[in-house]
Amino acid sequence: MINKYKISGKKIKIEDLEEKIVSKEKDDEIKRELYEDLVPRLRGLHEKLFAESKQGILVVLQAIDAAGKDEIIKYIFSNLEPQGLKNTSYGKPTDEENAHDYLWRMAKGLPKRGEVAILNRSYYEDIISPKIYDTLGHLPDEIKNDENLWEKRYKHINNFEEYLVENGFKVVKFFFNVSKDEQRKRLLERIEDPKKNADFSFSDLDDRDNWDKYQVAFEEMLNNTSTETAPWYVLPADNPWLARKIATLALIETMEEINPKYPTFTGEDKKKAEEIADKLRNKEI
């Protein structure tokens, strides 16, 4: 199923990608399947990944505002082993961050072995935002005016992700493909529902005004950085529960490829543990 939503090495047109696939009623039915079957499976695999602590997973969430990034963390990822879960959100770079190379600030969000680390927005912002807003003023002229700047950054990112994978950290990337009308409804809900006011930012409207530019930037991002090593999954974000199901299945598949196992006693440790177990059973200690 999930291969339908996976982009790895093939070129796409963003207008050809589906934002909505099933009805609202069907989408709501998927919620039960997620919580009864898929999320428990994912958690079980994550518990093994954390216990083994040999490999980790980097999850990248990328989208325009109100597409569902925060909600997938709330409804899906929050069910994972808490000690093995990291969530880092990236906003506009600080002066300290701009004083370094653009990948420098990502270090704090990367996973340890045994962890699933989520980047709520990521290094891809350093490709998307500068194409829409003037955010490169801190760079030397020969860099910011380089006609090959974006090709070089695509290369940097592909190499960075390959480096992570070759060091034992899988990279799984989700692009939330939301329609402009669905985003309008969600932004309106954030304004009209007092419980959701805190989720609204006036800067969301600036991004909405640049909708077409964002779509071009997203298309270029997908076409230049979806690889066999670190593929993108395009989620039909107008169907929030279907999108969460696809993401959950992709993570299950990734963890099954890792095939983590609970560590067990071996050698002298096994013998020593058996002796202690005997003493505990006999109430000698």
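How many of the residues of strand β6 are buried? In this predicted model, five of its five residues are, and the strand, residues 232–236, is mostly covered. Both faces of β6 are covered. W232, V234 and P236 lie on one side, Y233 and L235 on the other.

Next, the strand partners. Strand β5, residues 169–177, runs parallel to β6, and five bridges join the two. Strand β1, residues 6–7, pairs with β6 in the antiparallel sense over two bridges. W232 figures in both pairings. It is the bridge partner of I7, and K173 stands opposite W232.

Now the rings. A search of the whole structure finds nine aromatic pairs. One of them joins Y123 and F160 edge-to-face, with 5.4 Å centre to centre and 85° between the planes. Y123 lies in the loop between β4 (116–120) and α4 (125–132), and F160 in helix α6 (residues 149–166), so the pair ties together parts that are 37 residues apart in sequence. Both residues are buried.

F174 and Y233 form a tilted pair, 5.7 Å centre to centre, with 40° between the planes. This pair links distant parts of the chain: F174 in strand β5 and Y233 in strand β6 are 59 residues apart. F174 and Y233 are buried.

Ring pairs link W232 with Y123, Y124 and F160 into a cluster.

Charges also meet rings. The charged end of R153 sits over the ring of Y102, 4.2 Å from its centre. R244 lies over the face of W241, at 4.3 Å from the ring centre.

Conventions: Residues are numbered from 1 along each chain as its sequence is written. This is a predicted model: local features need pLDDT of at least 70, side-chain atom pairs count only at pLDDT 80 or more; totals for chains, interfaces and linings use all residues. Side-chain values use heavy atoms; hydrogens and water are left out. Buried means under 20% relative accessible area, exposed over 50%, partly exposed in between (1.4 Å probe, protein chains only). Helices (H or I, at least four residues) and strands (E, at least two) are DSSP runs, numbered from the N terminus. Two strands pair if DSSP finds at least two bridges between them. Rings of Phe, Tyr and Trp (its six-membered ring) pair if their centres lie within 6.5 Å; planes under 30 degrees apart count as stacked, over 60 as edge-to-face and the rest as tilted. A charge sits over a ring if NZ of Lys or CZ of Arg is within 6 Å of the ring centre and within 35 degrees of the ring normal.
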